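Subject: A structure for you to explore

Hi there,

Here is the structure I promised to pass on to you. Please open it beside this email and follow along as you read.

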Amino acid sequence: MDTSDELLDTAGPAALLTLDGVIRSLNAAMATALGKPAAQCLGRDFGDLWPASQRMSAESLVAHAAKTKAVAMRVLDFPARGGTPVASLIEARPVKDPASDEQLVWVHALDARNDLTSLLIPFRMATTAAHLGLWMYSPHDHQLEWLGGAPAVAALFPDPTTSLSRVMSAVHPDDQEALRQLLRSASTQQSPWVRVRYLPQHEGWHQLAAQTRRIQLGYDGPERIFSG
């Protein structure tokens with residue numbers, strides 16, 4: 001069995017919790033991700049350190065590992081305190097403290113940089129439930145990737161990956177600057193809805209509404225802009 005120090009000796013966020021979710025120890029990356037000094041995290045309930053929207057998922061992750069003695073995983077957004085929210089694939093698994101034989105739960109972020117698909121599942125599910133379409137935009141490459149959603153919206157975009165310039169060429173000239181500004185100013189919060197007129201091939205004008213949010217995919221991962 002790994003020692004407690006070894007379990008926390010990882011580049012990504014990691015913590016050791018009691019079975020009822022109290023933080024026993026954590027590494028610097030976890031403290032940074034939670035936005036608090038490590039000393040202020042010790043002895044606190046793990047779920048209490050997350051934003052209200054993530055608290056139930058964080059608590060159920062720990063409870064599942066503690067009660068079932070099995071590995072559990074969730075995609076959680078680390079809070080954005082002065083930065084971009086970090087969507088991370090978090091694993092919780094039961095371990096035993098080699099020094100005291102106490103049962104603990106080891107919580108740590110998995111390196112998902114080579115498997116971003118798993119981090120996108122919650123976004124796809126939420127979009128489908130809301131009957132919307134979802135794009136992921138890479139500012140560095142100026143590329144948009146269609147992630148799925150409402151069939152009526154999908155029909156307007158036959159290519160799953162396309163350039164921003166190609167999309168812009170189909171947007172009404174009077175609406176192009178509004179769409180550019182929406183992508184340039186994307187923040188960590190949902191933006192207001194912006195309406196644009198879009199002209200697919202062989203069809204008439206369609207009125208679309210879009211909003212954006214900036215998210216980092218994985219610890220030390222790339223930033224992307226999501227538009228629905």
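Predicted model: local features only at pLDDT ≥ 70, side-chain atom pairs only at ≥ 80, totals over all residues.

A polar atom of its side chain sits 3.0 Å from the backbone oxygen of Ser-191. Gln-211 belongs to the loop between strand S10 (206-210) and strand S11 (212-217). Is Gln-211 buried or exposed? With a relative accessible area of 15%, Gln-211 counts as buried, because buried means under 20%. Leaving aside residues up to four places away in sequence, Gln-211 touches Leu-182, Gln-190, Ser-191, Pro-192, Trp-193, Phe-226, Ser-227 and Gly-228.

**The whole chain**

Now step back for the overall view. The chain has 228 residues, and 45% of them count as buried. You can count eight helices and twelve strands in it. Along the principal axes, the C-alpha atoms fill a box of roughly 70 × 30 × 30 Å. Among the contacts in the chain with a separation of 6 or more, 41% are between residues 24 or more positions apart. The chain exposes about 11800 Å², of which carbon and sulfur atoms supply 53%.

**The largest pocket**

Next, some empty space. Rolling a probe the size of a water molecule over the atoms shows where such space is left. The largest pocket has a volume of about 370 Å³. It is lined by 20 residues, and those closest to its centre are Trp-135, Phe-157, Leu-208, Ala-209 and Ala-210. Two or more lining residues come from each of these elements: strand S6 (133-138), helix H7 (164-169), helix H8 (176-184), strand S9 (194-198) and S10. Which element gives the most to the lining? That is S10, with three residues. What classes of residue make up the lining? There are 16 nonpolar residues, four polar ones and no charged ones.

**An arginine in H7**

Helix H7 is also the place of Arg-166. Its side chain makes a polar contact of 2.7 Å with the side chain of Asp-159. Arg-166 is partly exposed, with a relative accessible area of 46%. From C-alpha to C-alpha, Arg-166 and Gln-143 are 9.6 Å apart in space, and they are 23 residues apart in sequence.

**Two histidines with positive phi**

Here is something to check in the backbone angles. Most residues other than glycine have a negative phi. His-131 has a positive phi, near 60°, and His-142 has a positive phi of about 55°. Where do they sit? His-131 is in the loop between helix H5 (117-129) and S6, while His-142 is in the loop between S6 and strand S7 (143-149). His-131 is exposed, at 65% relative accessible area. His-142, at 45%, counts as partly exposed.

**Sequence distance and space**

Gln-54 lies in helix H4 (residues 52-68), and Leu-76 is 22 residues from Gln-54 along the chain, with 6.6 Å between their C-alpha atoms. Apart from residues up to four places away in sequence, Gln-54 touches Val-75, Leu-76 and Asp-77. Gln-54 counts as buried, at 14% relative accessibility.

For another pair, take Asp-220 and Val-196. They are 24 residues apart in sequence, and their C-alpha atoms are 34 Å apart in space. Asp-220 is in the loop between S11 and strand S12 (223-227). Asp-220 is exposed, with a relative accessible area of 54%, because exposed means over 50%.

The last pair is Ala-154 and Asp-115, which are 39 residues apart along the chain and have 24 Å between their C-alpha atoms. Ala-154 is in helix H6 (residues 151-154). At 25% relative accessibility, Ala-154 counts as partly exposed.

Enjoy looking around, and write back with any questions!

Best wishes

Terms used:
Residues numbered from 1 in each chain as written. Heavy atoms only, no water. Helix = DSSP H or I, 4+ residues; strand = E, 2+ residues; numbered from the N terminus. Buried < 20%, exposed > 50% of the residue type's maximum accessible area, 1.4 Å probe, protein only. Polar contact = N/O pair within 3.5 Å; in protein donor to acceptor, adjacent residues only side chain to side chain. Contact = heavy atoms within 4.5 Å. 1 Å grid on protein atoms, 1.4 Å probe; cavity = no way out; pocket = protein on both sides within 12 Å on 5 of 7 lines; lining within 4 Å. Points joined across faces, edges and corners; volume = space filled by probe spheres on them. Nonpolar A, V, L, I, M, F, W, Y, C, P; charged D, E, K, R; others polar. Areas by Shrake-Rupley, 256 points an atom, 1.4 Å probe, with all protein chains shown as cover.
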